[in-house]
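Work through the exercises below with the structure open beside you. Try each task before you read its solution.

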Amino acid sequence: MTTFLQLLFNGVALGCVYALIALGFTAIHRASNVINFAQGAFLLLGAYLVSTAAVDHGFPFPLAVILGLVAMVVIGIVFQMLILRRVQGQPAFTVVMITIGLNIIIVALVSALFGNAERGNGVGDPWGNTGVHLGSVVLLWVKVWTIVVTAAILLGFFVFDRYTRYGLATRATAIDEEAALAAGIPVRRVNAIAWGLAGALATVAGIFLSGSPNVLDPSIGDIALLAFPAIIIGGLDSPIGAVVGGLVIGLVYELFDGYSSSVPWLGHNFYSIAPYIVMIAVLLVKPYGLFGRPPAERV
Amino acid sequence: MAVSTSPQPSRISRPSPGTVAIVLLLLAACTLPFVLDAFWLSTADFILIAAIGALGLNVLTGYTGQVSLGHAFFLGIGAYTAAFLADHGVNAALWIPGAGVAAGLVGLLVGPTALRLRGLYLAIVTIGLVFLGTHLFVNIPAITGGPAGRATPQPMWGPADFGGNGLTIAGVSFDRNGCYYFLALTLLALSMWFVHNLMRTRSGRAMQAVRDREIAAALMGVNLARTKLAAFVVSSFLAGLCGALYGAFLFHVDPSQWGLLLSIQFVAIIIVGGIGTVWGALLGSVFITGLPTLLIHYSDSVPFLQHSAGQGGIAVSDATNLLYGLLIVVFLVVEPRGLIGLVARAAGSITHRRRTAAVAVHPSPLVEE
Amino acid sequence: MSLSKKSARLATCTALVLTVAACGTGGSGSSSSGGGTLQTGPGIDASSKTITVGIISPLTGIAAAIGVPLTKGQEAYFKHVNDNGGIDGWKINFVEKDDQYKPQLHVQFFNELLPQMALLAQSLGSPTTKAIESQAGSAKLVVGAAAQASAFVSDPVMAVIGTPYAIDVANGVDYIVNQQGHKTAKLAMFYQNDDYGADGLKGYTAAKSAYSFNDVGQVPYNLTDADLTGQAHTLQASGAEYVFVTALPTFAAKLVGTAAAMGYFPHWVFQGPAWSEFLMTDKGTAKDKPTPVFPVLAGLGGGSTWVLGYEAGWGDTSVPGMKQFLADHDKYFAAQVPDGYFVYGYCEAEMEVAVLKKAIESNDLTRQGILNAKLNLGSLSFGGLIPPLNYTPQLGPADRQTDIAQVDTTAPGFLRIIQPYFESSAAKSLSL
């Protein structure tokens with residue numbers, strides 16, 4: 001039972017990180033109908049910026065986080081304005097490949113600027129590998145904070161989405177970009193905001209992924225790949241789907257990690273592909289995810 | 001798109017001047033092993049081998065419009081099938097095509113599931129395929145050698161020993177690089193000829209129709225499921241061939257090689273070369289496979305690059321990756337038709353035509369309205 | 001490096017000759033010198049008395065953390081030899097190529113260097129070296145394999161120095177079970193799910209059949225794992241008191257940190273590559289900012305961390321070879337921080353110089369001659385920097401010894417040797 005509770009808690013915390021990444025994907029997809037394959041690179045760069053500010057330059061951690069967030073919001077917006085605007089109206093595949101190109105560029109830049117050595121101090125977080133002990137279940141501070149902050153961000157996101165003008169504009173753009181343009185909605189600005197938001201969400205995810213006991217190294221960006229099943233399970237356009245998908249993936253991952261040694265025929269490290277298996281199973285039943293809608297087709 | 005009889009496509013499709021050009025090109029290609037040193041010849045081998053796989057991806061993504069990031073999985077299937085067949089005493093004349101057939105069959109198996117999905121959903125499910133593949137390759141040690149990987153067999157035909165001393169005919173020696181060069185060149189030429197003709201058949205036209213407008217194609221009587229599946233199988237077949245050669249040329253394969261990065265590399269090749277073109281696969285392969293080599297080889301003469309261990313400057317690997325990413329972005333933004341498009345533009349023949357979508361250099365009859 | 005470019009250009013003009021040379025049949029010659037007739041092969045310039053050797057190593061990219069110090073170590077020894085009269089007057093010319101740890105680039109550079117080198121002084125990594133192993137074999141080219149995959153030790157052309165990972169683990173088990181007498185201690189293994197991890201696991205299972213110790217679990221991980229709670233929990237639940245860690249530093253730290261947070265403090269036994277001084281402080285030296293796992297690795301809260309190693313402790317002047325080594329370090333690469341791979345590279349070059357010296361003594365600098373020299377080298381001592389090795393025509397591991405260091409906050413490079421080189425009975429009988 002202890003084992004189960006421990007895995008459950010860690011699964012929820014990991015699921016929150018995936019939910020943050022997935023929400024970034026969803027925000028961008030709703031605004032510009034593309035999947036941002038550079039989300040992993042955003043996460044990597046965000047974490048390195050915070051790490052540099054906090055560990056190398058000795059900024060207080062909260063200030064470092066704010067600097068990292070601001071930088072990543074700007075990078076997201078600038079990328080949208082400089083590159084993506086030029087390919088608006090191109091097939092989704094074109095835009096997706098541009099984000100793959102961007103991913104390659106950012107990863108190379110991080111390596112060139114910060115090197116490849118592992119950064120033992122991570123993002124210089126103040127939680128320091130300690131936690132609360134509930135019986136024999138350990139709630140690490142970094143994971144407690146992950147859950148609390150993610151919950152707050154999700155709440156904020158839904159309030160923004162539901163009750164602000166930009167939220168309304170985003171939803172309108174998601175439904176029909178041309179109609180939104182015709183109605184006078186600043187679609188470009190909506191797009192840019194979505195990219196900025198995705199940069200910020202990725203940075204938060206990066207901070208929680210490299211907080212102790214974890215160590216920061218360039219491979220951290222690859223972790224975003226596991227958020228793909230999350231968005232697909234939830235449906236590309238649904239923020240709620242992203243959150244549910246993220247949590248499902250986190251739990252599936254942790255529980256298989258904890259228990260799959262008792263099912264040897266699944267092979268070593270089955271947990272690392274379990275999310276993809278769940279994704280394929282969901283798609284067989286619902287080709288547009290649990291919360292997604294099939295796009296309208298025009299002839 | 002305007003009806004066009006521009007010289008660029010017709011150079012490929014019309015026999016008279018085109019055939020001459022191709023024969024000349026082939027002859028030139030045959031002389032390369034005599035003028036290149038071992039370094040450049042082995043580079044050429046990698047280029048030709050990758051071009052075969054890229055051609056396969058072009059059938060699926062370029063001609064049929066189905067975005068796949070799962071190409072690496074099929075390369076892996078090809079490489080391991082080749083090794084498995086050779087382990088059981090099958091001759092290379094059979095295990096090379098056998099690798100393609102096995103990959104094609106796997107394509108036939110997973111195709112119906114994958115192709116239910118559209119666009120980006122398909123792209124992500126094919127990523128899942130890559131992860132599943134890696135998991136399988138790690139966990140079937142009897143065939144794959146498990147995580148540590150396995151040695152790959154070398155073709156042996158009579159006096160031609162691809163693994164060792166190569167071949168000596170009539171006093172002329174070819175080392176293994178030369179042997180692989182001619183093998184890959186032959187297979188690539190055959191594949192290009194096959195794809196070129198395929199796109200002029202009923203099925204080929206159907207594929208392009210699906211790409212250009214799926215619903216319109218369906219209304220005109222194109223069987224969507226069958227057409228997509230056919231493209232998937234052809235694409236996987238060529239990926240299998242490519243994987244078999246790639247694995248054999250490297251002497252050793254392990255599961256980590258068949259990852260997402262390899263898939264992305266193939267997508268990059270067709271983007272840079274020219275999406276939906278036969279020659280684009282080769283041109284893109286020259287660029288994407290050859291460029292890092294070029295940069296590393298001449299890194300001494302490039303400013304700002306690190307010249308030796310631990311010096312200042314940008315590391316060469318970072319520089320090549322930067323350039324690689326930039327190439328993808330720049331081509332897509334500036335010249336979505338890739339190098340083929342640049343060639344056409346340089347020829348000055350189609351400058352009056354407006355750039356359209358990131359597809360179609362060959363005018364497809366179904367969209368010429 | 002300019003030499004390599006020049007000769008590449010030259011080679012373009014004489015492609016046919018090269019094709020023949022690459023087949024290993026050409027490029028030989030002979031010249032008279034002193035007592036007998038010296039046979040020469042590719043990479044030997046008898047007129048200027050230079051021997052060209054190749055180095056193909058990840059000098060940039062993700063594996064550069066190993067490739068760069070290792071290559072510098074080799075350079076340091078070669079420079080030392082050249083500055084002290086060479087090998088009987090022969091100078092060593094080394095040509096470096098950066099393969100970024102990609103098998104494909106490795107093959108390309110190997111093909112480039114093959115016609116112009118007498119031996120490949122460094123080929124780093126298992127997947128990369130396997131890609132050229134067969135070609136090197138047919139060219140009879142001796143390869144300094146900086147790869148501890150145990151399979152290489154039975155290939156005649158592979159000159160491996162150091163103890164294979166599998167044997168390190170077997171020795172580590174012996175140290176706990178026999179030397180320290182913890183016969184009933186619970187042991188477990190945490191390993192990376194690839195060839196590196198498989199090699200560590202091989203030594204663990206071999207030791208298990210030799211000593212029948214109390215094995216409570218073998219736990220793998222993937223390079224894409226975001227979280228090691230499941231693994232840490234499995235290990236904790238198994239009650240393992242000693243955990244062998246065949247992992248990369250990032251994951252080793254993640255595991256140790258996660259376990260510590262759960263209140264689990266076993267003795268961690270790291271495979272050499274799992275250790276990095278950057279796990280302790282942010283710049284890798286004692287005066288820098290400590291990391292959150294610093295106290296755990298140093299055993300300040302219980303447990304301890306050992307590293308299965310191979311080299312003498314950096315700066316330990318009781319080792320005879322250390323003085324010269326440190327002098328060469330200061331002379332050629334003073335900026336290099338204490339690093340085991342630098343020592344390893346230095347010794348690898350020392351081995352290669354010994355091989356070339358023997359080939360020169362037997363008047364045969366052809367590839368076959370150098371290979372014969374390697375096969376019949378016999379025992380070679382490194383002044384205690386690493387244990388002596390032994391090359392014979394019977395092949396097998398050059399040595400089977402391991403030393404064990406404990407992570408210590410005060411030692412140079414944070415490592416203090418607690419058990420000098422030794423060889424266990426399981427290691428003796430382990431067949432690779």
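Two exercises on a predicted model follow.

Local features need pLDDT of at least 70, and side-chain atom pairs count only at pLDDT 80 or more, while totals for chains, interfaces and linings use all residues. Residues are numbered from 1 along each chain as its sequence is written, chains are lettered from A, and side-chain values use heavy atoms, without hydrogens and water.

**Exercise 1.** Describe how α2(A) packs against α3(A).

Solution.
1. Find the helices (DSSP runs of H or I, at least four residues, numbered from the N terminus): α2 covers residues 39–56 of chain A and α3 residues 61–82.
2. Take the axes, which are lines fitted to C-alpha atoms over the stretch in contact, with angles from 0 to 180 degrees between N-to-C directions. The angle is about 145 degrees and the axes are 8 Å apart.
3. List the contact (heavy atoms within 4.5 Å): α2(A) contributes residues including A:Phe42 and A:Leu49, and α3(A) residues including A:Phe61 and A:Ile75.
4. Sort the contact residues: twelve are nonpolar, three polar and none charged. Nonpolar means Ala, Val, Leu, Ile, Met, Phe, Trp, Tyr, Cys and Pro; charged means Asp, Glu, Lys and Arg; the others, Gly among them, are polar.

**Exercise 2.** Describe how α3(A) packs against α8(A).

Solution.
1. Helix α8 spans residues 187–210 of chain A.
2. Its axis and that of α3(A) come within 7 Å and cross at roughly 145 degrees.
3. Among the contact residues are A:Met72 of α3(A) and A:Trp195 of α8(A).
4. The contact holds twelve nonpolar, seven polar and one charged residue.

Conventions:
Helix = DSSP H or I, 4+ residues; strand = E, 2+ residues; numbered from the N terminus.
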